[in-house]
Structure formats: C-alpha cells, structure tokens
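Reader: I am new to this one and would like to walk through it slowly. Could you show it to me before we start?
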Amino acid sequence: MKNMNHLYKLHGFIPSMLQQITRRQIQSLAETSGQNKATLYVHWPYCAKMCSYCNFNKYIRNDVDNSRMTDCMVKEVETLIKISGITEIKSVYFGGGTPSLAESGMIASVIQAVQSSATLPKNAEITLEANPTTTERAKLKEFKDAGVNRLSIGVQSLYKKDLEFLGRQHSVEDAIRCISDAKDLYPGGVSIDIIFGRPNQTVEKWNKELQQLLSLCDDHVSLYQLTVERGTPLCKWVQNKTVILPDDEVMADLYETAIEVLESRGFDQYEVSNFARNGKVGRHNKAYWEGDDYIGVGPGAHGRFTPCAQGKIQREARVQILEPNRWMTEVESQGHGTKLAKPQSQLEQLEELLVMGLRTKDGIKHETWKKRFSSKSMADLFCNQDIITQYVNSGLLHFDNSGMRASKKGLAVLNPIVQDLMNLLNDHWSGG
C-alpha cells in the first residue's frame with residue numbers, strides 16, 4: 001500500500017505544542033479515540049532504474065547521502081509517533097522505491113527508533129521490499145540481522161522478454177537464486193510479487209509461468225494486474241499503440257487462471273491480490289483494509305492518525321513532502337516533513353473502509369464499521385436497498401452476523417458493487 005488518494009491542506013506543526021500536553025493526557029486522548037496502536041510505513045524513495053509501469057514516488061540517485069537520510073528517517077519516526085500519541089507499533093513495512101538499496105544500518109536505526117518511541121511486540125511483522133539483483137541478494141542476511149523478518153520480492157515475471165519490457169534490472173536466474181536464498185534466511189517469511197496482463201500474454205503461457213513460480217516460492221504470493229498509469233513510459237506506449245495490452249476478457253481469464261492454479265497448490269485468496277498458505281497472511285496491510293491507523297514516514301509517504309499530542313481529536317489524512325532533499329530539509333528544521341494534513345470527515349473514513357475492506361475475503365466486520373459510525377449499522381444502511389438485494393440474491397455479496405463481504409464471484413467484479421455502496425452511503429449523508 002504505497003499510494004492513497006486526494007490532496008490535503010497543510011496544518012502547521014508547532015514543536016512547542018509537544019511540551020504543552022503531558023504524556024498522560026496524550027495517552028488519554030489516544031484511548032478516547034480508540035486508536036493507541038498503529039502500523040508504520042517507511043518510504044525509501046530511491047531506485048537504480050525506472051520501471052516502465054511504475055508511478056510511485058521514486059528518484060534515480062547515484063550519490064545518496066545515506067547518513068543524512070538515516071538521521072531524517074529516525075527523526076521523523078520519533079516525531080510522528082510522539083505527535084500521534086500511539087503507544088504500540090504493530091508492524092513495520094519498508095517500501096519504495098527500492099528499499100533493498102538502502103544500507104542495512106538505516107533499517108536497523110529505524111527499527112531501534114520505533115522501539116525507543118513505542119512498544120514494538122517481539123513478534124511484530126517487519127517487512128522489506130527487495131529486488132532480486134545480485135547486489136541486493138548479498139545483503140539479505142544483513143537485513144535479517146537488522147531486524148527484518150519478512151521479505152517481499154519483486155519477481156514480476158519469469159520470462160526474460162517481459163522483464164526487459166517492464167524495465168526490471170534482474171534476470172530470471174537472479175530471481176530464482178534470490179527466492180532460494182531468501183527462503184533459507186526467512187523460512188515462511190517470503191512473499192513474491194508477480195504481474196499479469198503483459199503484452200501477448202496467453203492463458204497457456206501464464207499457466208506454465210505460475211507452475212514454475214509455485215515450484216519455487218514460499219507461502220505468500222501477491223498478484224497484480226499491469227495497469228496504465230499516467231506519466232509512465234507504458235502510458236505513452238499504449239497511447240501511441242506501440243504496445244497493446246490484453247483486452248478485458250483475456251485479463252479476466254488470466255486472473256481466474258491464477259486463482260485456480262494458486263488454490264490448487266493450497267493457497268487461500270484472502271484479498272483481491274493476495275494469496276497465502278500455512279497461515280502466512282501478511283499482517284501489515286490489514287491496517288489499510290480494516291481502517292486502522294497508520295503512520296507514514298519518508299518522502300511521499302501517506303498516513304492516517306489522530307495527532308493527539310497537538311490536542312486534536314479528529315483523524316487526519318497526511319502526506320509527506322515528495323522530493324527527498326526538500327523532505328530532509330524540513331525534517332531537520334521541524335522534526336517531520338508533513339506536506340499536507342487534512343482532517344478526515346466521518347464520511348471520508350467510511351468511504352475508505354468500503355473501498356479497502358471489501359477487497360478482503362472477510363470483508364467488513366460489524367464492529368469495525370461501528371468504530372467509525374456508531375449511529376447506523378451496515379444492515380440499516382444497505383440491506384433494504386434494491387440494488388444491494390440484487391447483489392445478495394445473485395450470490396455476489398453476503399450479509400450475516402459477522403458483517404458484509406463479497407463472495408468469490410463478487411471479488412472478481414468488485415468495482416461496481418463498491419461504487420453502488422458508496423452512492424448509497426453518500427445519499428444517506430446528503431439526506432437523499
């Protein structure tokens with residue numbers, strides 16, 4: 001989860017405000033809001049090369065000041081945890097960019113900063129995104145020694161031609177060796193990313209590729225459809241018709257094939273794009289899907305939390321400054337590099353919960369909804385609406401004592417379901 005949406009108005013941060021509220025008052029505010037736990041996302045913005053499809057906040061630098069970047073990461077971690085009043089960080093995720101290009105000392109320093117600023121449970125999931133190049137593979141043990149206990153490896157394809165098209169630096173052989181090394185060092189803690197919907201991809205080739213991948217992988221696979229993002233080389237190629245992606249029907253066939261193959265190997269689809277076996281579900285992303293608080297650190301990182309230490313009681317959607325040098329300058333001056341911080345209305349929080357929560361196999365629990373909106377249950381809002389009744393009767397959507405969730409069929413056609421639910425929610429809010 002690297003990108004969220006919207007732009008947010010900046011609320012100035014005055015460092016002295018941290019001294020105006022006691023720790024006990026901060027704790028009380030956090031407990032009143034029901035959110036004294038959060039997850040932490042750390043964004044490393046640098047890459048060795050631009051991938052053709054990626055529009056994340058990333059920069060090519062050959063002269064990264066690792067010492068300065070480490071100091072700023074640590075400082076922002078400490079400041080934002082203090083501002084939030086959060087007392088426990090449930091998980092840490094290093095994303096990017098390419099965080100496996102960072103020095104292991106930076107990773108260790110950030111983890112130590114978390115431990116000194118809040119409780120970090122001994123079994124907390126600490127994930128690092130890694131590219132399977134020779135240089136990075138040699139650092140895998142260093143990252144483990146620094147405190148990382150889970151790797152997410154960007155394999156993306158097991159075909160040389162497709163890796164070149166995607167702009168990936170690694171070879172198929174690099175990927176195979178990296179997976180093997182990672183499984184030795186992080187048994188049960190290795191996730192593999194794979195992209196489908198590539199040009200000229202057929203179901204037959206895809207099936208063969210998946211079978212090879214599953215003969216190599218550990219217990220977690222993340223499956224992503226290749227999408228056309230503005231400002232990327234891929235977008236230009238598609239617009240110029242020099243690249244033609246599979247049509248919707250083929251995309252659906254590729255997705256369904258992946259689900260069938262993964263489930264035949266014991267993987268459970270617990271979210272639209274995520275599959276696990278032996279209980280190795282990724283814990284960090286649950287914060288996004290369940291509407292929990294999370295703190296975003298680093299250039300362009302996003303966060304959702306209530307800044308209790310500033311005396312506020314309303315949750316904010318926050319975005320850090322994008323450009324690394326500007327971000328570092330601001331962190332050195334103010335303690336953090338928050339560019340935009342916008343109070344989230346109850347409606348905005350519920351919209352996010354609908355969009356994210358229904359992506360999961362378990363859907364949205366009644367108690368999760370009640371935390372955000374206690375005056376109206378999901379059943380009160382949605383159950384007697386004709387369009388929702390149609391989804392339920394057609395087996396696409398389920399309501400029961402646990403909550404609301406999409407069926408397996410529903411997950412494959414989720415967008416219109418979510419849109420109709422959001423329309424109903426907005427109609428209620430506007431008194432329609």
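Author: Here it is, and please keep in mind that this is a predicted model. A place to begin is the salt bridge in which the side chains of E323 and R61 meet, with 3.2 Å from N to O.

Reader: Where do E323 and R61 lie?
Author: E323 is in the loop between β13 (316–320) and α13 (324–334), while R61 is in the loop between β3 (59–60) and α3 (66–84), so the pair ties together parts that are 262 residues apart in sequence.

Reader: And how many salt bridges does the structure hold?
Author: The structure holds 21 salt bridges. As a general point, side chains of opposite charge can pair when their charged atoms come close.

Reader: Okay, switching to the overall layout: what does the domain assignment give for the protein chain?
Author: The assignment gives domain 1, covering 34–288, and domain 2, which is made up of 346–360 and 368–431. Taking the C-alpha centres of domain 1 and domain 2, one finds them 29 Å apart.

Reader: How many residues of each are in contact?
Author: Nine residues of domain 1 are in contact with nine residues of domain 2, and the two domains bury about 740 Å² between them, with 50% of that area on carbon and sulfur atoms.

Reader: What about salt bridges between domain 1 and domain 2, how many are there?
Author: The count between domain 1 and domain 2 is two. Looking at polar contact, the rule finds four residue pairs across the interface of domain 1 and domain 2, both residues of each pair being at pLDDT 80 or more.

Reader: Which elements give two or more residues to the side of domain 1 that touches domain 2?
Author: Those elements are α11 (248–264) and β9, and β9 gives the most to that side of domain 1, with three residues. Sorted by class, the side of domain 1 that touches domain 2 has four nonpolar, three polar and two charged residues.

Reader: Back to β9 then, how many bridges join it to β10?
Author: Three bridges join strand β9, residues 268–271, to strand β10, residues 274–276, and these two strands run antiparallel. Together β9 and β10 form a hairpin, with two residues between them, and D268 stands opposite A276 in β10.

Reader: I also see a three-stranded sheet; in what order do the strands come?
Author: The three strands form an open sheet in the order β15-β17-β16, and the pairing is antiparallel. Its edge strands are β15 (364–365) and β16 (397–399), each of which pairs on one side only. Strand β17, residues 403–406, pairs with β15 in the antiparallel sense over two bridges, and there the bridge partner of I364 in β17 is M404.

Reader: Last topic, the backbone: which residues does a cis peptide bond join?
Author: A cis peptide bond joins G96 and G97, with an omega of about 25 degrees, and G97 is found in the loop between β4 (88–96) and α4 (104–117). For background, most residues other than glycine have a negative phi, and most peptide bonds are trans.

Reader: Then what is the phi of Q156?
Author: Q156 has a positive phi of about 70 degrees although it is not a glycine, and this residue is found in strand β6, residues 150–156.

Terms used. Residues are numbered from 1 along each chain as its sequence is written. Side-chain values use heavy atoms; hydrogens and water are left out. Two strands pair if DSSP finds at least two bridges between them. Helices (H or I, at least four residues) and strands (E, at least two) are DSSP runs, numbered from the N terminus. Domain bounds come from an automatic or database domain assignment. Contact means heavy atoms within 4.5 Å. Buried area is the accessible area (1.4 Å probe) that two parts lose on being put together, summed over both. A salt bridge is a side-chain nitrogen of Lys or Arg within 4 Å of a carboxyl oxygen of Asp or Glu. A polar contact is a pair of N or O atoms within 3.5 Å; within protein, one must be able to donate a hydrogen and the other to accept it, and residues adjacent in sequence count only if both atoms are side-chain atoms. Ala, Val, Leu, Ile, Met, Phe, Trp, Tyr, Cys and Pro count as nonpolar, Asp, Glu, Lys and Arg as charged, and the others, Gly among them, as polar.
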